[in-house]
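User: Hi! Could you walk me through a few local features of this model?
Analyst: Happy to. Have a look first, then ask away.

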Amino acid sequence: MKKKLKPDQAIAKAQDLAEGQLLDEAIALLEVQDGHPECDYRRAGYLLIQGRAAEAEPLYRRILAAMPGHLDTMVGLAGCLVELGRPREALPLLQPAVLAQPQSGRIHYLAGIALDEAGLADHAKAHLAKARALVIAPAERRQLVPYEIYVQMSRRCNLRCTMCGWEIWKDNSGFMTEEVFERVMAEAKIAGITTMHILAGQGEPFLHPQAFEMLERAVAAGFEVGIVTNGTPFTPERIERLAGLGLAYLQFSFAGWDAPSYEGVYVGAKFERTLANLKAIHVALKPTRTRFAVKAVALGDWKESLRKTKAFLASHGIDQVWTVPANNFGGSVQCGTLSPRHGIWSLKRIDHHRLMPCRLFLKAVGVFCDGTVTACGCYDSNAQLKLGNIMEQGLAAIRQGETYGRILDGFRTGDVRDVPMCGTCDDPFG
Ligand code: SF4
Ligand code: SF4
């Protein structure tokens, strides 16, 4: 018989499970500790994330009965009530919370939503504006200079994954020249950037003929370099070289447990070949400083897909698996359901959320292989959010320019409907 975990052990284990998106398992683990206030509080939070507000409500109420005035529980219960369509009941819980923590963006955000849904739109505006201002403030303190950079070493990709926005790509060719890469590193240094992510918009970085030499230079220049790969363009020699690079992280994109489940998503790749690369890279990186993780962006029944992928990879000794449901790729992929309130497609439930400043937009820029700088390092494959070109201007000047300022104003006021991509992206909700 299994020994029952102590509450603090159960909380730590549940947190690990939740970070791996295994919320059902995290909830079940905490259910065993029913009645322990901290375990109940965590369980209610996970239930709420899952959209099970009706089950979370009695847990929050029970904690409050034992600890009247517990602020975090009051805020949690308020979130529940908004989800359950009872925003007026949330207001008396949020008023003291706002007074107690006037600099909490989360509390202002929730108060704004509750007031708005209670039909008090004018009162809601001030709270939502404050919540947005608090998110933007750190970027303003840096005079809008980015602190991370996404670099597109290769615009070319050899696959056609179902969760990707490849159908709208205008071009599927082009590698970053050494001249552009040198400028990227120089401008990033001037901006004080230390974190460099190798992937932007589209493309498989390891298709670049000089990928290894360029990565070696970036690491030697002192950048914490992370890379995302589909794991296909590798040989034993390349894997050995990869292990010697000193990367900060390598994210291997993979989901599936047999040829049909993998090849049906990663169209153009071969299951057996990718799996061999995955296993070899996992082993090669183990003794190095490079954090290795499998990231699977899954469509459809992604929870079931995650469970099967995890079980399959665990049988090969690989347990660093991180899966997220697909997003709508800056509005270019129609997935999930259409939110009646926002008119945006999403796999998330975004109706009870409001637009907040996009954190990717605030923290980073993307630089494409031709030097184009985009406001969206992740999804902007066609440079619709072009801010400038790194061969002509420094990053600070680019971010302080008119285009970035106009989009930022949209996020500040909560209206980016006129901005390409951001206007239909589901990332800034929830
Ligand atoms: S998801 Fe990545 S690997 Fe797949 S087609 Fe898009 S860019 Fe290529
Ligand atoms: S809102 Fe979406 S499209 Fe716009 S910068 Fe953020 S992630 Fe990119």
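User: Which ring does the charged end of K189 sit over?
Analyst: The ring of F223, with the charged end 4.9 Å from the ring centre. Keep in mind that this is a predicted model.

User: Okay, rings then. How many aromatic pairs turn up in the whole structure?
Analyst: The search finds 11 aromatic pairs. Take Y41 and Y60: their ring centres are 6.2 Å apart and the planes meet at 70°, so the pair is edge-to-face.

User: Where do Y41 and Y60 lie?
Analyst: Y41 is in helix α3 (residues 37–49) and Y60 is in helix α4 (residues 53–66). They are 19 residues apart, and the pair links distant parts of the chain.

User: And is Y60 buried or exposed?
Analyst: Y60 counts as buried, because its relative accessibility is 3% and the cut-off for buried is under 20%. Y41 is partly exposed, at a relative accessible area of 22%.

User: What about F361 and F411, how are those rings arranged?
Analyst: That pair is tilted, because the planes are at 50°; the centres are 5.2 Å apart. F361 belongs to helix α15 (residues 359–363) and F411 to helix α17 (residues 402–413), so the pair ties together parts 50 residues apart in sequence. F361 and F411 are both buried.

User: Which residues make up the aromatic cluster with F254?
Analyst: F254 forms one cluster with Y262, Y266, F271 and F312.

User: Which helix goes with β3 and β4 in the β-α-β unit, and what's the handedness?
Analyst: The helix is α11 (residues 236–243), and the unit is right-handed.

User: Last one: what surrounds ligand 1?
Analyst: The residues around ligand 1 are C157, L159, R160, C161, C164, W169, G203 and N230.

User: And how does that shell split by class?
Analyst: The shell around ligand 1 has 5 nonpolar residues, 2 polar and 1 charged.

Definitions and conventions. Residues are numbered from 1 along each chain as its sequence is written. Chains are lettered from A and ligands numbered from 1 in the order in which they are written. This is a predicted model: local features need pLDDT of at least 70, side-chain atom pairs count only at pLDDT 80 or more; totals for chains, interfaces and linings use all residues. Side-chain values use heavy atoms; hydrogens and water are left out. A crossover is right-handed if, with the strands pointing away from the viewer, the path from the first strand over the helix to the second runs clockwise. Helices (H or I, at least four residues) and strands (E, at least two) are DSSP runs, numbered from the N terminus. Rings of Phe, Tyr and Trp (its six-membered ring) pair if their centres lie within 6.5 Å; planes under 30 degrees apart count as stacked, over 60 as edge-to-face and the rest as tilted. Buried means under 20% relative accessible area, exposed over 50%, partly exposed in between (1.4 Å probe, protein chains only). A charge sits over a ring if NZ of Lys or CZ of Arg is within 6 Å of the ring centre and within 35 degrees of the ring normal. A residue is near a molecule or strand if one of its heavy atoms lies within 4 Å of it. Ala, Val, Leu, Ile, Met, Phe, Trp, Tyr, Cys and Pro count as nonpolar, Asp, Glu, Lys and Arg as charged, and the others, Gly among them, as polar.
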